[in-house]
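Please have the structure open as you read.

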Amino acid sequence: MNQLDEVVKYALYQCRAKNNPITETLASFVAQTIYNRKKNKFFLEEKLNESELIELKNETLNKLSNQNAVDLKTIQLQIQYDSAYIETEMKRQDKMKKSSNETGKFIDEVVTYEVKNPKDFEELTNLYKKIFNFLIYKNKELMEDHTQLQDTQSIFNVEKEIALALDSVIPKASLGPFLSLNPSEKVTQLVELSNIVIGIRLFNKKIGKGGLTLSTLQQITDYPGRDLLNQLRDEAFQTIEQCEIYTNFFLYIEQFKFTDKEIEAFKDELTFLRQYLSYILSLQEDVEITESQIEQNHGRFVKEIDDLKNLLENKSSAPKEQVYPKFGNLAQSHIGLFEDRIITVDRLELFNLLQDMRKMLKLSMPIQTQRQCKQFDNTKPDNLSLINYQPESGVQRLLPQYTPDFMQTQLDFFGFCVWSVVKKNGLLIPGKPALGVYKYKDKNCVFSSEAAINEFLAEPGKFLSGVIDQCRQKPQLIKLFRLEDSFKNLNLKINFDDGAMPSNKLMVDKQEQTPTHFIEKNLDPNYCWNEWELRRKAIQMANIRKRMTKATQSILSNFKVDSEAQVYELKDQSTSTGQNKGLNPLRPRNYQIGLRDKNQGQ
């Protein structure tokens, strides 16, 4: 275990013991940026002895325990937002990679399938099934609610619609031209086929004759993050206004009476606001690009739908040269809207995270002071003649009127005045590019005044090293200035080790109670209760259409068969003896007559 891991582990467990859980990423950053005043550098920039290691542990724990410190809140904002942003992007890229791999598998099955005889009905059927499976997968990618395909009837309807669309584009009997293509051409044709089939289903959805599992235009463009751009603009406007109030305070600080401790607190609050504003503006830029794409795809979708209605209205057929490209464009616009929606929802989650972090900071500047700062006017005319610039100083000056593409010049230190950062103990005052951009050792610097520029031109190296020293004293400036690589032996970037995210989860003590009696659920998703469905699948798997039944008899098999010889059953034999026979003698009978008078009663 190296010294950093030891300090981080110590801080994690001590904070948990104090009921103050923290993330491993936050503990790592704070441990690496503890300032050693004796050596004017971070502790972990060099190997530590035992006493220095103990001192580092105590300093790290003290800083992490002070949850109300504004500088720690700024670092928490940086760590949580950067981690969430990277994690979101990685999940999206992993999803895209997985989708690409699955699509590649289906395409490979089609492209690599060899049909030896183009007239063989069996082989053409197998190829057709592989193309059909590819189209089913591409359509399932656009599903938002997978519960729509839980019943057998819905699955049958979707597969039937895809099969009909496929048959209308490429009938099974017309696969001959497809077989003659090379692999790259086959891939292109499959992608176009997928778009056409999706476009046909989207058109069916629009006219109410199909398109199950596909979203309508209203559904795909109506989601919670649809007004995210307006929310970001409002938040950026409010934050810029707040930053201007704090900036005016420091520009006219002589008119106020505050203690040094209060002034330092105001300075840390300004740093938090500047960092928060940078994230808001970054999100706003991303969302503006996404919204622009959404508007383009939306207009394209509506146009293609209208064109298809005009072409196919009251017609049973239309030239494929006209409708197929429009079906493909319709599918591409729908896929673009689907992907842009996912990106916007992810950005909405990041914006909610920023707002939660912003609510954690309560500004300490009095309301009356803020009102006074709003009334100050810091717009002073620029005077380039006051700048004592000498080309021999080793500093290159870039002026707007003499430099092409001046507005595209990348500014270092996030465009803040280097002189204010060094001379005012980390104060963040925006520089004025109108006074020129001054390039020294590949660093493009701007300044807030002519006097600041003259001091920089006299000793440019001193100011650049002074910025690094200020970052050591105020570590929250490191990420804002993007100077993570300026400190040796430290890894201050949130990166990936072996493709894994650093642990940014809270470590807390939790307990759970297991149920007394577990209820096992053994669900087989492939279970089928229908006996006739199972028989149909068994016949498909057996594929007995080209099978022949044969039987052969061998010597060995003869002994394995249970056989019996057929013989006549033996008769029951017995001796023939005499038979006993009885006689039938006469039996005398006596009758009495005259008991009834025959003439009586006549």
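## Asp442, an exposed loop residue

Asp442 is exposed, with a relative accessible area of 64%; here buried means under 20%, exposed over 50% and partly exposed in between, using a 1.4 Å probe and protein chains only. Asp442 sits in the loop between β4 (437–440) and β5 (443–445). Although Asp442 is not a glycine, its phi is positive, at about 65°. Most residues other than glycine have a negative phi.

## About the model

This is a predicted model, in which local features need pLDDT of at least 70 and side-chain atom pairs count only at pLDDT 80 or more, while totals for chains, interfaces and linings use all residues. Residues are numbered from 1 along each chain as its sequence is written, and side-chain values use heavy atoms, leaving out hydrogens and water.

## Phe414

Phe414 also has a positive phi, near 60°, and is a residue other than glycine. Its place is the loop between β3 (396–398) and α14 (418–423). With a relative accessible area of 32%, Phe414 is partly exposed.

## Helices α1 and α3

Helix α1 (residues 3–17) packs with helix α3 (residues 50–65) at an angle of about 40°, their axes 10 Å apart. The two are therefore oblique to each other, a term for angles that are not under 35 degrees (roughly parallel), over 145 (roughly antiparallel) or 65 to 115 (roughly perpendicular).

The contact (heavy atoms within 4.5 Å) involves residues including Tyr10 of α1 and Leu61 of α3. Its residues divide into eight nonpolar, four polar and two charged.

Note on methods
Axes are lines fitted to C-alpha atoms, for helices over the stretch in contact, and angles run from 0 to 180 degrees between N-to-C directions. Helices (H or I, at least four residues) and strands (E, at least two) are DSSP runs, numbered from the N terminus. Ala, Val, Leu, Ile, Met, Phe, Trp, Tyr, Cys and Pro count as nonpolar, Asp, Glu, Lys and Arg as charged, and the others, Gly among them, as polar.
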